[in-house]
Amino acid sequence: MKYTEIMVRYGELSTKGKNRKDFIGRLAGNVTKVLRDFPEVEIRPKHDRMHIILNGAPFADVDQRLKKVFGIQTYSPTIKIKKTLTMIEETALALMKATFKPGMTFKVNTRRSDHNFAYDTNELNQMIGDYLFGQMDNLKVEMKQPDLVLRIEVRQDAAYLSSQLLRGAGGMPVGTGGRAVMMLSGGIDSPVASYLALKRGVEIDMVHFYSPPYTTEKALNKAKELTGILANYAGRINFIAVPFAEIQETIKAKIPEGYLMTIQRRFMLRLADQLRAKRGGLAIFNGESVGQVASQTLESMAAINDVTTTPVLRPVATMDKTEIIALAEKIGTFDLSIQPFEDCCTIFAPPRPKTKPKVDKAREYEARLDTSALIDRALAGIEITPIYPNDQFLADKAQEDAALL
Amino acid sequence: MIYFDNSATTKIDPTVLTTYDQVAREIWGNPSSLHRLGDRAAQLLASSREQLADLLGTKPSELFFTSGGTEANNWAIKGTAWQKQTFGQHLITSSVEHASVANAFTALENQGFRVTRLPVDKAGRVNVNDLRAALDSDTTLVSVMGVNNEIGTIQPIEDISDLLANYPTVNFHVDNVQAIGKNIWSRVFTPRVDLVSLSAHKFHAPRGTGILYKKAGKMILPLHDGGGQEQGLRSGTENLPAIAGMAKALRLLLTDEVEKADREAAIKRKIVDYLQAKPGIEIFSPVSLNFAPHILCFALTGIRGETLVHTLEEYDIYTSTTSACASTRSATASTLSAMQITDRVATSAIRLSFDETNTMAEAEEFIRVFEEIYQHFAPINHLGE
């Protein structure tokens, strides 16, 4: 079926009053970003709907991208045709043949804004229904809850036909919920937390700590590639790599073993907070889940969170591991997350970290370090990479391989 | 030159050789090394495996790289026998297998395993009823080739699979070396096939590499102990240039597979049509759905196969006395013997084996030359009397 455009219906928008314009503008921008390698596609955001004019771009490929864009409630691939009865009949038949499966019930649903058109909605419903009955076997009409609704809209410029109502990703357009930084490790939880933050419209910058030569380039690339998967939901995400080895070495040398983990985390949070401030963010997100590991007990969280008053939001805080994994599988990050590259959280992990660290002890030990100098040097070494949907960093040789093989 | 000995080995494809060369020069790290060079090699190894799996319709984790068909066959057979010997020590194969299968079973027999060798009919084909009768509670392995290397018989792999559906603990191995790319068993090993052997040099790839497909969940003991490559089952540094070449060659081979097989079949038909009319010639590989399109075995009775091969060679035409692996020994062809062909006829047999690069013009040239040879030998041999 050669669709000419996609009709997009907005999400929670109706409750948003004056923000409507903002919302629609953001959504259009995000759609433009995810469809950036289809230059022929035109995006026309309107007050009540958005029209994506395909201009020959294959619907199936556009669909793959579109279904991940937050802020879209439903959408329909549509064919725009001339307003003649024959064209409407033929197109209706072609659409039915493409989407109807034996056993389904259907109805024709016509809307007409062009009141000069020769037939009214009831007449059109009747005529097109009759025509389809004449051309296809086993059709069954059902008015109340049909499996398939053939929608016909007769407007001033043309007639629009569609037979599918596809569910969008829901949520809010990324960017309408303000900016924040996300602490992305490379494990299973933080990508899921990122997804949930994006779903509420929050635009996030990824902050990733890495510690060469203790961690390999692969671990860094894995985090970048995870960001590439998440960029499907955002259009583009900035990835900030923060060198962390010097801080870890210093802590290892000067802090009692039981508090290694707590103090490392306090540094991470400080760094994330400074990056947030520099980039105009309002909050910090992370993938902590209550009680999952020593650093995620409430006592630990309190001792770590002590370094900032910025809101630290934890979207997966109350989820079970199995729930987090199910979501990771759904959003496509799981297989990558379980790739076993050591990250900076594991390399200096003490064998017996305190699960109930004390805030004042943490402060007292930390006083032995030149905190601000360490932080400044780490910040001086950051690298920012804009990452687009499905950018690859681990398998970046795949194309080279394809040429060889 | 006319090369009609493709079942022995094939000429390496120049573009495959380019891949080999490039990989050997540029991606020479050990895939097991930690550093970047090793990483790059591991990446290419994974890409090669994925491409092969895609082409063969398997999972990448089900493909194991070996040194060739012989190792794959030995591993499938001995690996199964040893892995399962506490459950049973009875093994079944056919009487027309390639030496690497037949001799692996002989070796196991010498270790105390019980081996049943199924007979074949006049077409060299195994009968499923014989297999049914041979199976018992001690049986752990059935190994039957996909296509016979000497005369091209296609074995009833589907029927055997159906029968073995009732014997889930028996490993079913198919030596598929001759069948690949001939529109026979290229992709679908039936779901009941557990182990499949392939050899790269039979499809224009470098020699010294091959594949054993092992269905997920099936256990076989490794033959090599060492560094634990290939999921710990086949130690030894991977022959990456050859493996990459093999992946490329298989892609090329399976492109337009049907058309290629049809072309080979047409060449075979042309020569068979000619030979059929000649007194004194016996054809063992008829044009039939039960025979591979690329193998033609026949005998000019009374003239030793070796004599014919050498005579043809004078005209720059390369053929073989049945299997290349057996042809340097004086023993008669094992498949023909198993088919109850008399020694006198069997020693006269020669094998032509085609590939997709052979042409109808070559078939015509072969016929012209053979007619000359035939006329020369006819009076000596009192043919047609």
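Buried area is the accessible area, taken with a 1.4 Å probe, that two parts lose on being put together, summed over both. The model discussed here is predicted.

Q: How much area do chain A and chain B bury between them?
A: The size of an interface is often given as the accessible area lost when the parts come together. For this pair of chains, 50% of the buried area lies on carbon and sulfur atoms. The total that chain A and chain B bury between them is about 980 Å².

Q: Which residues of chain A lose the most area to chain B?
A: The contact draws 10 residues from chain A and 16 residues from chain B. On the side of chain A, three residues together make up 68% of what that side buries. They are Asp401(A), Leu404(A) and Leu405(A).

Q: Which residue of chain A forms a salt bridge with Arg36(B)?
A: Across the interface of chain A and chain B there are four salt bridges, and the count of residue pairs in polar contact between these chains is eight. In the salt bridge of Arg36(B), the closest N and O atoms are 3.8 Å apart, which falls inside the limit of 4 Å and therefore qualifies. The partner in chain A is Glu217(A).

Q: Which element gives the most residues to the side of chain A that touches chain B?
A: Two elements of chain A give two or more residues to this side, namely helix 6 (217–230) and helix 15 (398–404). The residues of the side divide into five nonpolar, no polar and five charged. The element that gives the most, with four residues, is helix 15 of chain A.

Q: Which pocket has Arg265(A) and Gln296(A) in its lining?
A: An unreviewed UniProt entry carries the annotation "binding site" for a set that includes Arg265(A) and Gln296(A). Arg265(A) lies in helix 8 (residues 260–278) of chain A, whereas Gln296(A) lies in the loop between strand 12 (283–285) and helix 9 (298–305). Leaving aside neighbours within four places in sequence, Arg265(A) is in contact with Ser295(A), Ile304(A) and Cys345(A). The lining that takes in both Arg265(A) and Gln296(A) is that of the second largest pocket.

Q: How many residues apart are Asp114(A) and Lys83(A), which form a salt bridge?
A: The closest N and O atoms of this pair are 2.6 Å apart. Asp114(A) sits in the loop between strand 5 (106–112) and helix 4 (121–135) of chain A, while Lys83(A) sits in the loop between strand 4 (72–81) and helix 3 (85–99). The pair thus links distant parts of the chain, and the separation is 31 residues.

Methods. Residues numbered from 1 in each chain as written. Chains lettered and ligands numbered in written order. Predicted model: local features only at pLDDT ≥ 70, side-chain atom pairs only at ≥ 80, totals over all residues. Heavy atoms only, no water. Contact = heavy atoms within 4.5 Å. Salt bridge = Lys/Arg side-chain N within 4 Å of Asp/Glu carboxyl O. Polar contact = N/O pair within 3.5 Å; in protein donor to acceptor, adjacent residues only side chain to side chain. Nonpolar A, V, L, I, M, F, W, Y, C, P; charged D, E, K, R; others polar. UniProt positions renumbered as here; feature names shortened; annotations may be inferred. 1 Å grid on protein atoms, 1.4 Å probe; cavity = no way out; pocket = protein on both sides within 12 Å on 5 of 7 lines; lining within 4 Å.
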